[in-house]
Amino acid sequence: MAHRQHQISTPDAPQGRRVSSRFPAALMATAASGLLLGACSWMPGVQLISNNETSAPAGGSIGTVVADEPQAALVGHDVLARGGNAADAATATALALGVTLPSRASFGGGGACLVSRPGEPAQAITFLPRPGTSKGGDRPAGTAAEFRGLYLMQLHYGTVDFNDLIAPALNLASTGITVSRTLAADLAAVRPALLADDNARTIFGRGETTTVAAGDSLAQPRLAGFLERIRVAGVGDLYNGALADVYVTAAQKAGGGLNDEDMRQTLPVQTAALTTRQGDVDASFLAPPADGGLGAALRYTTGASAQGAVAAWRASGNTTLAAAQAALDSGHSGNGTLPALPASTSFVVTDHSGMAVACALSENNLFGTGRIAGSTGVVLGASPARTPQPLLSAAVLRDQRNLRAVIAASGQNEAADAVGDAARAAAHETPIPHEGAGRINAILCHGNDSCRGSTDPRAAGLAAGTTNDSRN
């Protein structure tokens, strides 16, 4: 894949024109500072509110980012503040999560994003790992799908050179992150198994029996080198070039069973979103193969169990967008049960133009295979042939003129039900429920310049919103 030769656009650039102005390294390094995890921070000319909820001051919204991990949310916020759009900020947020939350968003995994621009049909971009096909691996891995998926989204919808969006994650890996409560909790959940791998223990361990804790500093120099290689050689190098050979060899040594052809065949899918209209609200949902969107959509329209709907869909053998849209239009949800599903994480982004992006990411297991791809520093995602597909769910609601809500969720089996319930609440302008295991990240709007980001109060995420402030 060729790189575009455009860099971050300045806030006063005419729409559609891209202006070269690379992110200063010092600006990106600030996202790694624990000081930014407090109640608020600021940059000259920009007002930043970063806490559990943000609301747009009267100066006019630059945009909002809501994510499960605070440092990644701040990276996305910085991109918006520098003039990037929602697709740019979503790409940077996802890449930062690969460093700050490698338990759920490793570069060895995949996910799906829903992209919606005013006046255009929403699109679903799905980038799911393929199972490795080499024999003999004792810990089967899936292919690294995330980079190709994010590149496709940013190529079609972004305004910034992809290399600029790698820089924040690279700096976080190099200079070190502050371990968040979310990452610390994930480490505690899998500590004995994770520390059994020497490479994983080198990164995440503190001695032989403990892992890094919330508030600790965590540098990942090998991961920084991996990101620098992609920044210099391009995303294609991970799938068709020398970096693919390095990654595959390391995965094989870790028991992952990947080969070069597996990497070449890892391709993202872009389709129309699932859509439905109720009253004056148009709702768009992720589409298969991210079938959590179908479950969430049927929950939204009928109140039926999203888990049951997805179980019936998977049992039917249907895979096409047309079949999923027909099921949604008919309101026939079906019934069934799902096994325990893999962990995931989610985030949502809006910008000043009303573009919205909602994404869910997963490694098909908490910390994937629990092993590292050697010198790359990447946590290997688990093979989809050995684990059930995660329930990736997201929605965007618009009325005739404005953005109404952007919603995504994690929560394993209950993620899709949580998105459906949140979308129904947003459509009726009632409070979003926070019940069960589903964890919602949402942005609720009353006009494109009046949006409020909200994380689940039971989680440890962050909502960051910015406005131009004429007083500075």
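**A walk through the predicted chain**

Residues 24 or more positions apart account for 71% of those contacts in the chain that have a separation of 6 or more, a contact being heavy atoms within 4.5 Å. The model is predicted, so local features need pLDDT of at least 70 and side-chain atom pairs count only at pLDDT 80 or more, while totals for chains, interfaces and linings use all residues. Residues are numbered from 1 along each chain as its sequence is written, and side-chain values use heavy atoms, with hydrogens and water left out.

The chain has 15 helices and 20 strands; these are DSSP runs numbered from the N terminus, helices (H or I) having at least four residues and strands (E) at least two. Of the 472 residues in the chain, 61% are buried, where buried means under 20% relative accessible area, exposed over 50% and partly exposed in between (1.4 Å probe, protein chains only).

Helix H3 (residues 86-100) packs with helix H5 (residues 162-175) at an angle of about 25°, the axes being 9 Å apart. The pair is therefore roughly parallel; angles under 35 degrees count as such, over 145 as roughly antiparallel, 65 to 115 as roughly perpendicular and the rest as oblique. Axes are lines fitted to C-alpha atoms, for helices over the stretch in contact, and angles run from 0 to 180 degrees between N-to-C directions. H3 contributes Asp88, Thr91, Ala92, Leu95, Ala96, Val99 and Thr100 to the contact, and H5 contributes Phe162, Leu165, Ile166, Ala169, Leu172 and Ala173. Ten of these residues are nonpolar, two are polar and one is charged. In this grouping Ala, Val, Leu, Ile, Met, Phe, Trp, Tyr, Cys and Pro count as nonpolar, Asp, Glu, Lys and Arg as charged, and the others, Gly among them, as polar.

Ser116 belongs to strand E5 (residues 110-116). It counts as buried because its relative accessibility is 3%. Its side chain makes a polar contact with the side chain of Arg398, at 2.9 Å. A polar contact is a pair of N or O atoms within 3.5 Å; within protein, one must be able to donate a hydrogen and the other to accept it, and residues adjacent in sequence count only if both atoms are side-chain atoms. Beyond four places in sequence, the contacts of Ser116 include Gly354, Met355 and Val396.

Met263 sits in helix H11 (residues 260-264) and is buried, with a relative accessible area of 0%. Leaving out residues up to four places away in sequence, Met263 touches Thr143, Ala144, Arg148, Leu238, Tyr239, Tyr247 and Val248.

Helix H12 (residues 292-302) is largely enclosed by the rest of the structure, because eight of its eleven residues are buried. Those buried residues pack against strands E12 (274-278), E13 (281-285) and E16 (393-398), and against helices H13 (306-316), H14 (321-330) and H15 (415-427). Just after H12, Gly303 has a positive phi of about 80°. In the loop between E13 and H12 lies Pro289, and the peptide bond from Pro288 to Pro289 is cis, with omega near 15°.

Most residues other than glycine have a negative phi, and most peptide bonds are trans. In the loop between strand E15 (356-362) and E16 is Asn364, a non-glycine residue with a positive phi near 65°. Phe367 is found in the loop between E15 and E16, and its phi is positive, near 60°. Asn364 counts as buried at 6% relative accessibility, and Phe367 is buried with a relative accessible area of 1%.
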